[in-house]
Amino acid sequence: MANTDTKEFKSGFVTLIGRPNVGKSTLLSRVSNARPKIANYHFTTLNPHLGVVNLGDGNSFVMADIPGLIEGASDGAGLGHEFLRHIERTKVLLHVVDAASVEGRDPVEDIHTIMNELSTYNPELLKRPQVIAANKMDACFSEDDSNDIIARLKAEFEPKGIKVFPISAVSRQGVKE
């Protein structure tokens, strides 16, 4: 995250948002002092977890991992209102998406689903700075698959000002960026 505009990070905190089981807790554990429960099943995270991310040179910010959002969260599905309320306090939204489609979902559609839930709940949330961490790149079947999904994500979201970073939270690949 150090290559993004760090003034946004210094002034508040970043919230990890995404569908269940995309690696939000793993990412938080890799970049901060937090030790959330990590497991390969939906809703391992039931309560928000906070961690301090040290950027060096005395700069740091707080990162929050909230439980995964599902379609209908803005209507209260899956404790959605409770989870969405936490997002209202954030300065930066960091979308974490399963770029390898381990569970068979389309990463681009997952981000659109989350954005729709945010917009329905509070349209002001989408005016905040956003970044995409295309996670689980280590689990892609081939280099062509990984290049294709990154190209699709970049084509869809970077023209809207949302930078895409391919990462693997497990292996720490790309996490520093």
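**Helices, then charges**

Mentor: The buried residues of H4 are Pro107, Val108, Asp110, Ile111, Thr113, Ile114, Met115, Glu117 and Leu118. Buried means under 20% relative accessible area, exposed over 50%, and partly exposed in between, with a 1.4 Å probe and protein chains only. Helices (H or I, at least four residues) and strands (E, at least two) are DSSP runs, numbered from the N terminus.

Trainee: What should I know about the source before going on?

Mentor: This is a predicted model, where local features need pLDDT of at least 70, side-chain atom pairs count only at pLDDT 80 or more, and totals for chains, interfaces and linings use all residues. Residues are numbered from 1 along each chain as its sequence is written, and side-chain values use heavy atoms, with hydrogens and water left out.

Trainee: Back to H4. What span should its 15 residues have?

Mentor: Helix H4 covers residues 107–121 and should span 21 Å at 1.5 Å a residue. The expected span is 1.5 Å times one less than the number of residues. The end C-alpha atoms of H4 are 21 Å apart, which agrees.

Trainee: Which residue caps the N-terminal end of H4?

Mentor: Aspartate 106 does, with a side-chain oxygen 3.2 Å from the backbone nitrogen of valine 108.

Trainee: How many salt bridges does the structure hold?

Mentor: It holds 6 salt bridges. One of them joins glutamate 124 to lysine 127, with the closest N and O atoms 3.0 Å apart. Arg19, Glu103, Arg105 and Asp110 are linked in a network of salt bridges.

Trainee: Is lysine 127 buried or exposed?

Mentor: Exposed, with a relative accessible area of 63%.

Trainee: New topic: H2. How many of its residues are buried?

Mentor: Helix H2 (residues 24–31) has 7 of its 8 residues buried. Those buried residues pack against strands E1 (13–17), E2 (49–56), E3 (59–65), E4 (92–98) and E5 (130–135), where contact means heavy atoms within 4.5 Å.

Note on methods. Polar contact = N/O pair within 3.5 Å; in protein donor to acceptor, adjacent residues only side chain to side chain. Salt bridge = Lys/Arg side-chain N within 4 Å of Asp/Glu carboxyl O.
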